[in-house]
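Visitor: I am new to this structure and would like to learn how to read it. Please take me through it.

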Amino acid sequence: MESFPYLTQREFATAAKHLCELLSHCSDLEHRLWLLGNRTTYISIRREAPIHQSTENSSAEEDELAMEGDQENDSECIVRKVSPTKLAIIEYHIVLSPVYCVPVLYFNMAIDSTPASLDDVYQYLVRQSDLSRDVSWEETLRAVGVHGAISQGEHPVLGTPFWFIHPCETAALVENWGTVETHSIPRLDIDDSHSKKGIISLQNYLQIWLGMIGSTVGLHLPVEDLTSKGYSS
Amino acid sequence: MSFDGPPPSIRRAIWDGSIPVQILLNPGESRVFDNTDPFYIQLPRVSYLPLFYPQLYAFFESFLIDKGSVNPAEAWLDFEGVPLKWHWPIGLLYDILTGRDPSYATMDWNSGDEHRLPWTLTLHYSDYPNEHLMRLDSPNALQDSFVNSTKEADYLRNGNSRAVMSLSMADSAKLWESIETHNFDTFWSIADRLITNSAYPIRHIPIKVYLPSAAKVVQKLVPPYLQGHRSLLPPNPSPQSSQSMLRLILFNTGEPTTVGIVLKTMVPELFLSTRANRIAKPVLHGIVIPLNTPLVELMKEASYPDGFLHVAVSMMS
């Protein structure tokens with residue numbers, strides 16, 4: 001990479017190909033790679049998730065976006081009569097920002113064909129991601145900027161309204177996660193923190209980035225894929 | 001920091017620029033169909049439509065068929081059927097949507113051109129065009145969009161958003177208030193620190209070029225000076241790289257990038273030459289800008305409040 005953690009258009013295209021290889025193993029995530037001429041413009045990933053509404057209490061707070069593995073949760077199902085289910089369709093787009101030179105995650109969600117509001121986004125995407133964590137993404141995201149880190153903006157390629165995770169912190173996040181492999185002579189690792197950093201290449205750049213950014217809004221890559229598909233090299 | 005540009009009256013003139021607008025209520029939503037009184041207002045070019053929505057609601061409220069079911073936050077405007085993007089400055093909307101060549105403004109007026117003033121817009125409270133317009137249903141949506149734009153401009157100028165981020169809470173609030181209240185002095189007391197901050201060499205000019213009809217926005221990284229000195233590039237730059245941002249030019253020594261150069265690069269099909277326009281003209285704040293204008297100077301004097309030069313391309317007839 002020429003200017004890690006920033007990506008050029010060409011590097012983004014290579015990284016996008018690698019991510020798509022990985023995504024082809026995820027049956028629940030339908031993905032496409034979009035080109036303009038022969039230039040890679042973005043990757044789209046579509047995910048469908050039923051939202052179960054409990055009949056006892058129809059308040060929106062009780063709605064649940066089905067996550068993988070929910071079906072196994074028998075005890076919950078007995079108590080809660082699962083009933084008219086709404087369908088959430090979430091479309092994620094990964095685009096290279098022409099300004100920040102890092103990938104940006106744009107997304108739209110429609111619940112039964114109605115476009116989601118910011119509250120819906122927090123309720124059905126962010127809070128669901130929080131269920132499996134100790135630290136709240138919601139608090140983290142809301143603490144940034146005027147609105148929080150999730151803003152509205154125009155898709156740089158399509159020109160239509162999308163939600164997006166603001167990219168101004170992305171470069172720092174990627175740099176914190178790891179370093180680029182250098183071909184210099186191996187040295188004694190005196191700096192302990194350095195040795196704990198991962199190695200980032202064009203092969204795993206978008207995968208690592210998505211692991212950090214996507215998980216805040218319900219886009220999860222299966223964990224085993226992170227390690228077992230030969231990405232350790 | 002010394003101010004050595006042209007007199008500040010250019011900024012003043014841009015700030016005071018306004019468009020006479022006639023607003024009609026969508027006949028289908030009016031209890032008197034197309035007999036609703038029109039609303040006339042002079043809209044500042046550098047302002048944003050949603051700041052005037054409360055005034056529109058107050059005026060049209062009594063005409064609405066079913067006031068109870070109307071949500072004032074669902075207001076939107078169209079011009080000849082095209083929904084107006086509320087997050088674009090009003091002056092840009094006018095310049096790009098009317099596609100009007102300002103050099104012939106007077107003639108248009110006399111010949112009864114369809115785009116003559118006042119600019120006629122239609123107000124709606126139903127059928128919000130979600131696929132075209134961003135949502136306006138959260139109270140800070142406009143401010144959020146404005147602040148994001150200022151951050152982006154800052155990032156382009158300096159390679160980071162520190163200038164915007166390091167504004168005190170009070171100054172950030174004041175900056176937004178100056179937009180809400182359209183206060184020139186307050187705005188420039190803060191914006192001068194952002195836009196004309198000369199502590200660092202400017203990396204890129206925040207500029208967006210808007211193409212007619214398709215409403216396509218073209219944005220590229222535009223260095224303020226032409227790269228005359230190859231030796232200033234970092235060693236071994238990859239020949240494939242198209243992003244000049246990654247090659248920081250430490251010294252602004254070359255010839256200044258002009259409006260003509262940037263248009264020929266961004267929209268070569270409409271600007272065949274960097275010196276003469278034969279097919280299209282660049283319009284900024286309702287003025288045709290000469291192609292030889294240096295972008296650095298233009299940026300300091302004629303940016304919109306969000307820090308961008310929003311240039312509308314107008315086709316020549």
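**Reading the two chains**

Guide: In chain A, 47% of the 233 residues count as buried, where buried means under 20% relative accessible area, exposed over 50% and partly exposed in between, with a 1.4 Å probe and protein chains only. This is a predicted model, in which local features need pLDDT of at least 70 and side-chain atom pairs count only at pLDDT 80 or more, while totals for chains, interfaces and linings use all residues. Residues are numbered from 1 along each chain as its sequence is written, chains are lettered from A and ligands numbered from 1 in the order in which they are written, and side-chain values use heavy atoms, leaving out hydrogens and water.

Visitor: What share of the residues of chain B counts as buried?

Guide: For chain B, 53% of its 317 residues are buried.

Visitor: How do I read contacts along the sequence?

Guide: Contact means heavy atoms within 4.5 Å. Taking contacts between residues at least 6 apart in sequence, 69% of those in chain B join residues at least 24 apart, and in chain A the figure is 61%.

Visitor: Which residues have the most contacts inside the largest nonpolar core?

Guide: In soluble globular proteins, nonpolar side chains tend to be buried together. A nonpolar core is a set of buried Ala, Val, Leu, Ile, Met, Phe, Trp, Tyr and Cys residues joined through side-chain atoms within 4.5 Å. The largest one here has 86 residues, and B:I23, B:W119, B:I207 and B:L309 have the most contacts inside it. Helix α8 of chain B (residues 184–195) gives the largest share, seven residues. A second, separate core of 59 residues includes A:C20, A:L96, A:V217 and B:A153.

Visitor: How do α1(B) and α8(B) cross?

Guide: Axes are lines fitted to C-alpha atoms, for helices over the stretch in contact, and angles run from 0 to 180 degrees between N-to-C directions. The axes of helix α1 (residues 9–16) of chain B and α8(B) come within 11 Å and cross at roughly 125°. That makes α1(B) oblique to α8(B): angles under 35 degrees count as roughly parallel, over 145 as roughly antiparallel, 65 to 115 as roughly perpendicular and the rest as oblique. Among the residues making the contact are B:W15 of α1(B) and B:W188 of α8(B).

Definitions and conventions. Helices (H or I, at least four residues) and strands (E, at least two) are DSSP runs, numbered from the N terminus.
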